[in-house]
Every structure is written in structure tokens, then in C-alpha cells.
Amino acid sequence: MIDFEKRRAQLLDRKAELATRLQEIDAELDAHQTKDWDDLATEREGDEVLENMGYTGKAEIAMIDAALGRIDAGDYGICAECGEEISKERLDVLPYTPVCRDCAARNAARG
């Protein structure tokens with residue numbers, strides 16, 4: 001049995017962590033003001049890494065928001081593809097997942 005309020009709290013905590021991380025990334029990206037070309041090139045490489053982290057964080061926030069919506073709709077823990085229950089163990093690892101392990105494996109095999 002899924003404790004929906006506990007899961008909601010877990011998702012909201014993770015979302016807050018990600019929001020803080022995204023603010024830190026934005027601040028770091030805005031902080032670069034060097035005039036030296038060598039330093040600027042190094043900073044730009046670091047910026048690309050930070051930008052990718054930002055995209056990943058935004059994608060995870062979107063998945064968390066979708067999971068919170070499923071909780072509100074009463075669909076949380078039910079696979080969006082096959083309609084079977086998603087295992088508690090899977091939800092413990094990926095609390096925002098919309099699919100069960102079997103469907104995720106099928107999707108990964110398709111490419």
C-alpha cells in the first residue's frame with residue numbers, strides 16, 4: 001500500500017532541492033565576467049556542463065509535477081502504459097516514474 005502523503009512530501013522535498021540547485025546554477029552562469037580569452041574558454045566549457053545539469057533538473061521537475069498530478073488524480077502508482085501496479089520498490093527508487101519495470105524495459109528495448 002502506497003502512503004500517498006509520504007510520497008507527496010518526498011516529491012516536494014526533491015522538487016525544492018532541484019529548484020535550489022537550479023538557482024545556484026543560474027547564479028554561477030551569471031557570475032562569469034572574465035576578460036581573459038583562455039579563462040573565458042575554460043569558463044564556457046564549465047557553463048556547458050552547468051547548462052546540461054540545468055536541463056536535467058528542469059526535466060526532473062517536470063516529471064515530479066506530473067507525478068504530483070497523478071497523486072491528485074488518484075492514478076499514482078499505476079502504470080500509464082499497461083495499467084498494472086508499479087512496485088513499491090520501483091517507486092522508492094524513481095518516485096516520479098509513470099511506468100512499471102516491464103514497460104520501462106520494453107520502451108528501452110525499442111530504442
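Is Tyr 76 buried or exposed? Tyr 76 is buried, with a relative accessible area of 3%. Buried stands for under 20% relative accessible area, exposed for over 50%, and partly exposed for values in between (1.4 Å probe, protein chains only).

## Basis of the model

This is a predicted model, in which local features need pLDDT of at least 70, side-chain atom pairs count only at pLDDT 80 or more, and totals for chains, interfaces and linings use all residues. Residues are numbered from 1 along each chain as its sequence is written, and side-chain values use heavy atoms, with hydrogens and water left out.

## The aromatic pair

A search of the whole structure gives one aromatic pair. Its partners are Phe 4 and Tyr 76, arranged edge-to-face, at 6.3 Å centre to centre and 75° between the planes. The pair links distant parts of the chain, 72 residues apart: Phe 4 sits in helix H1 (residues 4-31), and Tyr 76 in the loop between helix H2 (37-73) and helix H3 (88-93). Phe 4 is partly exposed, at 33% relative accessible area.

The rule pairs rings of Phe, Tyr and Trp (its six-membered ring) if their centres lie within 6.5 Å; planes under 30 degrees apart are stacked, over 60 edge-to-face, and the rest tilted. Helices are DSSP runs (H or I, at least four residues), numbered from the N terminus.

## The nonpolar core

The largest nonpolar core has 17 residues. Leu 11, Ile 64, Tyr 76 and Cys 79 touch the most other members. H1 and H2 are the elements that give two or more residues to this core. H2 supplies the largest share, five residues. Such a core is a set of buried Ala, Val, Leu, Ile, Met, Phe, Trp, Tyr and Cys residues joined through side-chain atoms within 4.5 Å.

Leaving aside neighbours within four places in sequence, Leu 11 is in contact (heavy atoms within 4.5 Å) with Ile 64, Ala 67, Leu 68, Ile 71, Tyr 76, Pro 95 and Tyr 96.

## Salt bridges

The count comes to seven salt bridges. Each is a side-chain nitrogen of Lys or Arg within 4 Å of a carboxyl oxygen of Asp or Glu. Asp 92 bridges to Arg 7, with the closest N and O atoms 3.0 Å apart. This pair joins helix H3, which holds Asp 92, to helix H1, which holds Arg 7, across 85 residues. Arg 7 is buried at 8% relative accessibility, whereas Asp 92 is partly exposed at 38%. Not counting residues up to four places away in sequence, Arg 7 touches Tyr 76, Lys 88, Leu 91, Asp 92 and Pro 95.

Two further bridges link H1 and H2. Arg 8 pairs with Asp 72, the closest N and O atoms being 2.8 Å apart. Asp 72 is exposed, at 58%. Glu 5, Arg 8 and Asp 72 form a network of salt bridges. Arg 14 pairs with Glu 60, also with a closest N and O distance of 2.8 Å. Arg 14 lies in H1 and Glu 60 in H2, so this bridge ties together parts 46 residues apart in sequence. Arg 14 is partly exposed at 26%; Glu 60 is buried at 12%.

## Cysteines

There are zero disulfides, a disulfide being a pair of cysteine sulfur atoms within 2.5 Å. For Cys 82, the nearest cysteine sulfur is that of Cys 79, 3.7 Å away. The sulfur of Cys 100 is 3.7 Å from that of Cys 103, its closest, so the two are too far apart for a bond.

Cys 82 lies in the loop between H2 and H3. Cys 82 is partly exposed, at 36%, while Cys 100 is buried, at 8%. Beyond neighbours within four places in sequence, Cys 82 is in contact with Cys 100 and Cys 103.
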